[in-house]
Amino acid sequence: MINVAIIGTGNISIQHIDAFLAFSDRCKITHLVDIFQEKTEKLNKDRNIGAKVCVSYKDILNENDIDLVSICTPPFCHAEIAIDFLNAGKNVLVEKPMAASLEECDMMIAAAKNNKKMLSVIAQNRFRDPVYNLKKVLDTRLIGKIVHAQVESLWWRGHAYYDLWWRGTWEKEGGGCTLNHAVHHIDMLCWMLGLPKKVNAVISNASHDNAEVEDISAAILQYDDGLCAKGALAQLTASVIHHGEEQQLIFQGENARISWPWKVAANIAQPNGFPEKEQNTALIKQLNDYYESLPELAHSFHKGQIDDVLSAIENARAPMISGEGGRNTIELITAIYKAGTEQRAVDLPINKEDPFYTVKGMKERVPRFYQKSSSKDDQSGKITF
């Protein structure tokens, strides 16, 4: 039996708690930790968890019966909590984004290696059948080298969203929609194509004058190896100002186009270069047949990733999503912030001498679009997906 401590009992923790409870034959939630004790005790009672409730994670650092710690706190304290627990000999699963800087990511990865413990970063969208299957199709290389990718992480959040005490500041949230919303799509892009070589970006705040951070960003990424053709580009839009919240990943290959949501197209050129009226039906059928032949995942979203993390501990293997995988996402996000702040192209990788490598260096340079004007301890309403 794997004993689990949940650190932070805000809205996202419910996804972790329900997933762990679904595997009650393999794990048990033994501790719930949050600075708001009354709320945590109510959660403990309402879901019949039977855990010990604490207000400080430091009170349980040396508990010998904790095998896995699931960190669901605001991003600014992910690194400190993760490092402390790794140094205390616990395995760690941390919510996205992994940390507020590359320096913190590297410290977390080093702590995991030094203590021979597992570090995994939440990227639950990899455990969705349409996304997982899209990756499998890409890996067949049937569509040829990727020449263009289009990534739209379009969300909508009302003005009051940034009234919550930790949201809307570079110090506490670590960034805006690029870090905290597009992190899902950026993770998927890095998983599928790897990191680009160069990044251009613009960041702005168009609708939330109660937040320092951006509520929209647009980036152009340049690739030149791996699955991509030399000179391939990707467009990435991150937003919390888009009504309808349409989201997609589109990959244009040399031979065909595929996407999530699933759609296939495959043109054939006439002698003059214009497309034939009829598409490449044989390739389209091959792609559709392969996609439809892929088996469904046993578990999806957080439940799928937590199943993998439990299996990793049970079988002494690495999890599907490692600290290094989480770091790649933060590196691309950091490059977008650097390019948007300095209004110039940024080359990857970002080295340790770069001011944007640290939280301090980044906070000293990023724009503050507005002064945060409201701070509430809690908010009513549900998280919608």
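1. Basis of the note. This is a predicted model, in which local features need pLDDT of at least 70 and side-chain atom pairs count only at pLDDT 80 or more, while totals for chains, interfaces and linings use all residues. Residues are numbered from 1 along each chain as its sequence is written, and side-chain values use heavy atoms, with hydrogens and water left out. Helices (H or I, at least four residues) and strands (E, at least two) are DSSP runs numbered from the N terminus.

2. The parallel sheet. Six strands make up an open sheet with parallel pairing, in the order S3-S2-S1-S4-S5-S6; two strands pair if DSSP finds at least two bridges between them. Strand S3 (52–54) and strand S6 (119–121) are at the edges, and because each has a single partner strand, one side of each is left without a neighbour in the sheet. On average, neighbouring strands of this sheet are turned by 20° against each other, direction ignored. Axes here are lines fitted to C-alpha atoms, for helices over the stretch in contact, and angles run from 0 to 180 degrees between N-to-C directions.

3. Strand S4 and its partners. S1 and S4 run parallel and are joined by four bridges; Val4 has Leu68 in S4 as its bridge partner. Four bridges also join S4 to S5, again in parallel, and Ile71 is partnered by Val94 in S5. From S4 the chain crosses through helix H3 (residues 78–87) to S5 in a right-handed β-α-β crossover, that is, with the strands pointing away from the viewer, the path from the first strand over the helix to the second runs clockwise. S4 is covered on both faces, with Leu68 and Ser70 buried on one side and Val69 and Ile71 buried on the other. Buried means under 20% relative accessible area, exposed over 50%, and partly exposed in between (1.4 Å probe, protein chains only). Val94 also has a bridge partner in S6, namely Val121.

4. Helices H1 and H2. In helix H1 (residues 13–22), the buried residues are Ser13, Ile14, His16, Ile17, Ala19 and Phe20. Their cover includes strand S1 (2–7), strand S2 (27–33), helix H2 (37–46) and H9, where contact means heavy atoms within 4.5 Å. H2 itself lies across S2 and S3, and runs at about 165° to S3.

5. The mixed sheet. Eight strands form an open sheet of mixed pairing in the order S13-S12-S11-S7-S10-S9-S8-S14. Strand S13 (263–265) and S14 stand at its edges with a single partner strand each, so one side of each has no neighbour in the sheet. Strand S7 (residues 146–154) and strand S11 (residues 247–253) run antiparallel and are joined by seven bridges, among them the pairing of Glu152 with Gln248 in S11.

6. Backbone features for checking. Most residues other than glycine have a negative phi, and most peptide bonds are trans. Lys96 and Pro97 are joined by a cis peptide bond with omega about -15°; Pro97 lies in the loop between strand S5 (91–94) and helix H4 (102–115). The bond from Leu348 to Pro349 is likewise cis, with omega near 5°. Ala316 has a positive phi near 50° and is exposed, at 76% relative accessible area. Gln343, in the loop between H10 and S14, has a positive phi of about 55° and is exposed at 71% relative accessibility.
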